[in-house]
Amino acid sequence: MTDRLSELTAAGVAVWLDDLSRVRLSSGGLDQLRREQHVAGVTTNPTIFAKALADADTYDGQLRDLATRGVEVEEAVRMLTTYDVRWACDVMRPSYDGSQGVDGRVSIEVDPRLAHETEKTVAEAKALWWLVDRPNLFIKIPATEAGLPAITATLAEGISVNVTLIFGLDRYSQVMEAFLAGLEQAKANGHDLSKIGSVASFFVSRVDSEVDKRLEKIGSAQAKALRGKAAVANAQLAYERYSEVFSSDRWQALADAGAHPQRPLWASTSTKNPDYRDVIYVEELIAPGTVNTMPESVIHAYADHGETRGDTVTGAYDAARQVFTDLESVGVDMSDVIGVLEREGVEKFEASWQELLDGVRKSLAAAGQGTGRPGQAAQGDADQAQKVGGNA
């Protein structure tokens, strides 16, 4: 049988799983994906954790212990999620060691409510780094305006960073600048650059969802012919910028000091439109030195019928620019599209974080019923609900 995921890996694309749960960890499912499906990394986000905690009873024992201690809900969330991420880091450690620290990474996100507060984001990044305490961890920081200096400051501390929620080309250029500045400061601070990793998570399918909606509204034949083209073109032009930055003299000086490049990571690669091929955002974004983080369903789909046709990115820049020209000609304002997606991206993760807090709050209250101190647990839950409500 053809090992399509092996072919994809050989083409320079690191296959990462966009999912994590304690069921997946305790069952050995993650380790099996690492060993049998070439999965070399893991990404998480608040939505993933909210679903994991809602769908399984494997957290009950830890929740009872947290309730017994009277732990507040936000600390409980940190304890629950960092436990899973620490475990996943250990599972992925062979990939980390085998790739000299390039792959085998597991990501955990800072509280998305801090997306517009630089100093608090940096403090949260440090706290998560200390709590997980694994060299193959990535701290996810959103690419907001306030996030950019936080990315630099966090890297300067020797902490590896996954920059998330990147939608537009100009913001991506700013992210790469923040990365270079962070490594330069890390070097000045005496950190070993070979131990610091980073990826830049460039979101894909959401771009098509937003652009296609606008094209449908325009309704002309020319507009409808452009459906399903914007996302791939956007990512291809991002890779062009990546290639330029990481062939510069500035980067070479850091590489000579042991630094690894900040790889483009294609995120949101499941197909939202059933009319599109289910692996389109994998097949059309094959290029050396990239990461594609996929839900397990997409990993299995690619293993079944994905086509690795060599590099599908670097020869496509002119065609990608033409897509942008054509979009503009029919009335799609890509700068507005990117602005909408950035705002919605943060809002969606904030909503998922609130869902996670609410779920853990209810679980702590239920667990407190059997700890011998239900009144205290219930009161603590009520007090914390008021606190969280005031922060939402």
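This is a predicted model: local features need pLDDT of at least 70, side-chain atom pairs count only at pLDDT 80 or more; totals for chains, interfaces and linings use all residues.
Six elements each supply at least two residues to the lining of the largest pocket: the helices α4 (46–55), α10 (205–218) and α17 (334–368), and the strands β5 (161–166), β6 (198–203) and β7 (263–267).

The largest pocket has a volume of about 550 Å³, and 31 residues line it. Nearest its centre lie D18, N45, R206, S268 and K272. By class, the lining divides into seven nonpolar, twelve polar and twelve charged residues.

Let me turn to the second largest pocket, which holds about 340 Å³ of space. Its lining comprises 16 residues, and those nearest the centre are L169, D170, F324, M334 and S335. Here the elements that each supply at least two residues are α9 (169–188), α12 (230–245), α16 (317–329) and α17. In the second largest pocket, the lining has six nonpolar, four polar and six charged residues.

I come now to the salt bridges, of which the structure holds 30.

In the pair R263 and D103, the closest N and O atoms are 2.9 Å apart. This pair links distant parts of the chain: R263 belongs to strand β7, while D103 sits in the loop between α6 (73–98) and β3 (105–109), 160 residues away. Are these two residues buried or exposed? Both R263 and D103 are buried.

The next pair lies within helix α10, where R214 and E210 are four residues apart, about one turn of the helix. Their side chains meet in a salt bridge at 2.9 Å, N to O. R214 and E210 are both buried.

The remaining pair is D318 and R321, with 3.1 Å between the closest N and O atoms. Both residues belong to helix α16, three residues apart, again about one turn of the helix. R321, at 36% relative accessibility, counts as partly exposed.

Beyond these individual pairs, salt bridges that share partners join D31, R34, R35 and E36 into one network.

Conventions: Residues are numbered from 1 along each chain as its sequence is written. Side-chain values use heavy atoms; hydrogens and water are left out. On a 1 Å grid over the protein atoms alone, a cavity is a set of points where a 1.4 Å probe fits but cannot get out, and a pocket is an open set with protein on both sides within 12 Å along at least five of seven lines; lining residues have an atom within 4 Å of a point. Grid points are joined across faces, edges and corners, and a volume is the space filled by probe spheres set on the points. Ala, Val, Leu, Ile, Met, Phe, Trp, Tyr, Cys and Pro count as nonpolar, Asp, Glu, Lys and Arg as charged, and the others, Gly among them, as polar. A salt bridge is a side-chain nitrogen of Lys or Arg within 4 Å of a carboxyl oxygen of Asp or Glu. Buried means under 20% relative accessible area, exposed over 50%, partly exposed in between (1.4 Å probe, protein chains only).
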